[in-house]
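Colleague: Could you take a close look at a single part of this structure for me, the place where the two chains meet? I am new to it, so please define the terms as you go.

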Number of protein chains: 2
Amino acid sequence: LVVTKRFEVLSIGDELLDGRVTDTNTVRLAHALSAVGAHLSHRATVTDDLDDIVREAGACAGRGTTTCVVSGGLGPTSDDLTAAAFAQLCGVPLQRDATQADKITAMLQGRGRSVSANQLKQADRPRGAQLLNNDQGTAPGFAIEYGGCRFVALPGIPKEFDPMVQDNVVAHLAGAQPVLRRALYCFGLIEAEVDRRLAELSTRFAGVRLQFRVKFPEIHVTLHAPPAAEKNLEEAFEFARGALVEHVYATHAHGEGLARRTLAMCQERQATLAVAESCTGGLLSDLITDVPGCSATYLLGVTAYSNAAKVALLGVSEASLQAHGAVSEPVVQQMAQGVRRSANSTFGLATTGISGPTGGTPDKPVGTVWIALSGPKETQAVCLHLPYGRRAHKEVSASSCLNLLRRHLLQP
Amino acid sequence: LVVTKRFEVLSIGDELLDGRVTDTNTVRLAHALSAVGAHLSHRATVTDDLDDIVREAGACAGRGTTTCVVSGGLGPTSDDLTAAAFAQLCGVPLQRDATQADKITAMLQGRGRSVSANQLKQADRPRGAQLLNNDQGTAPGFAIEYGGCRFVALPGIPKEFDPMVQDNVVAHLAGAQPVLRRALYCFGLIEAEVDRRLAELSTRFAGVRLQFRVKFPEIHVTLHAPPAAEKNLEEAFEFARGALVEHVYATHAHGEGLARRTLAMCQERQATLAVAESCTGGLLSDLITDVPGCSATYLLGVTAYSNAAKVALLGVSEASLQAHGAVSEPVVQQMAQGVRRSANSTFGLATTGISGPTGGTPDKPVGTVWIALSGPKETQAVCLHLPYGRRAHKEVSASSCLNLLRRHLLQP
């Protein structure tokens, strides 16, 4: 017996259509579904209007959808109409769940808040619907069948929505279609080049599905396969690793994030780090300090925007600045050496360049960036020529610095 | 004659439903429409499937929609099916526009690229459709009527989509409903509090519409009104300014961005700035250096994560660190004074706190942050108690620092 499954999402809320909120639930739902081999066919977004919700849910079932995730409209206020809409669609009354009402009362009283009639409304569900537990908030979800479709209504708040998708949608599918997953996190290639290098993968390794996600300036590649194709998946993973070579900074075994991976490699070696920034302006330091526990490795960052600060705090020589300019190989090397010396760290990283929009010259156009790594044995510098805008120049330069250190740490 | 207008958006593309891309066009379209008093009633997103596009476009007209903006599916590849779908919906053949085909050929040859059959496919449109000019790319848009609805099909790439929305949707509406706009950019209030303070605005000032946008940690408030209500709009603007008082860091006259506004105020006074960061980890410096031209004002940033760096580079006293800990009023003041001295700047800003997830104590729980401003006359410090996560603690602390300086500069 082959059942064709069709998945949709129905998001409800004025804030999704008036410009206040960008819908990010759909992207995360799509990722969660694709991890178990399922795919969204349609998204509909409607305002907090009872008739519109009822009409769209009916249309969804009419398109042969088997599972529709409904996001939003379950809260306490008068514009939260999801339960009422599904009661109307299914021709059943709303019922208050006494256990749930007690739970809401206990939760609010525990926080020292009073319990209003609106709050208790969150315990109302269409008769016959299954209540879905919400560990993160007061509004439970519910599931109800209509026209051959299972509607799974969940709160739209991401921290409540995501675990409830796992428990009430993915877990059901995972039983039927478990999927294995391998990931390669890459930096240093554009999407078209990753695409070209992996073009034959899907045809060469039967059962393996390939997915890209651009998280600028990184690209994340994921391979999916059913358990029966596990051998093919492992071979495809090795093929992809061979094709992307040194651009793979981490795999599923490590988790994503170039800063996180580089800091973990430093910590394994008990190495410490300091950074001197000019054109990246503090972003490199910001990326490093977004990693929890970074204080074991990261000692000091200096953003030396003025030449005076480069001389006074980093020991850059006035002569080098005059002879070569602030954006030059000697200056970036002295910056990396200087911050390493100041912090007494194992490694020093540095950036100096022209982020734009102004400041370019014929010799050094906007996008010219020098980066350097100074270590116990030597100092190396690399020149980048970037074609982006100011913010992206900062992002690529900061990540290139981390990558320079990562690749150095890979050497025996 | 009153015509009820109904606006929808139909986005087309596998990448919008498989987790690769977050749809941001809808939010920007909603903003563009709301500026001329129009509102989206529905969004549908479908995959690159001819039948699904045709069905959804038909359903859209069936819902009484008068204008539907169609986003995507106009490119050169075989999965770009928007023109074919509307030809089928309207029962007309596809026709190639010779002028447009010549234009595409010239544009590609001008870039030294060959012209493939796929590229010329972008000149195909349903017979009877109006071609819409695209200054930014090779694919023109088109407009076609069906079932009482004007479908305006545009490329999905934001830099092409946005100006074409202005030219082909907003401009048509603007003629009928020109709208005046006033903005207040705020920092330091939660959304619920802004909402409460402005609750009576819409009823008190007829014709004035209020809109919020949360750009964490800022809130942007916009007021819209037709020209006939200009006097009410000005009064509503003054009312809002009075209600939000010192939390308004800029208006439409200045433009958005707390860092941009604060730097502009420094530059007016020919003041210079340096920052010393601990818990914000470089983010404050990153925000400042995202402002083009910041180098006229911004001299130096020091991210002193280790106590040793706080002592050596910022002149914090070992005794203060031992007696009060790194997260304390004396230490944050010495950091601000120290970086100001190092950079020889007019002002020094500093942050030190516990971002989390670990590092909290009963006395100083996660979210405890000291910020300080040191100037020519005095040094002031403020303690924040923040309830968010690591990244948000950094964001609020960095913005609070900028705001401390901004408010100081407002004093006579």
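Modeller: What follows describes the interface from the side of chain B. This is a predicted model, in which local features need pLDDT of at least 70 and side-chain atom pairs count only at pLDDT 80 or more, while totals for chains, interfaces and linings use all residues. Residues are numbered from 1 along each chain as its sequence is written, chains are lettered from A in the order in which they are written, and side-chain values use heavy atoms, with hydrogens and water left out.

In chain B, 57 residues are in contact with 57 residues of chain A, contact meaning heavy atoms within 4.5 Å. Together the chains bury about 4500 Å², 49% of it on carbon and sulfur atoms; buried area is the accessible area (1.4 Å probe) that two parts lose on being put together, summed over both. Within chain B, the residues that lose the most area to chain A are B:L17, B:R43 and B:Y305, together 14% of what that side buries.

B:R43 also forms a salt bridge with A:D23, where the closest N and O atoms are 3.7 Å apart, and the count of salt bridges between the two chains is 12, each being a side-chain nitrogen of Lys or Arg within 4 Å of a carboxyl oxygen of Asp or Glu.

Strand β14 (residues 298-304) of chain A pairs with β14(B) in the antiparallel sense over five bridges, strands being DSSP runs (E, at least two residues) numbered from the N terminus and pairing needing at least two DSSP bridges. In this pairing, A:G301 has B:T303 of β14(B) as its bridge partner.

Technical notes:
Helices (H or I, at least four residues) and strands (E, at least two) are DSSP runs, numbered from the N terminus.
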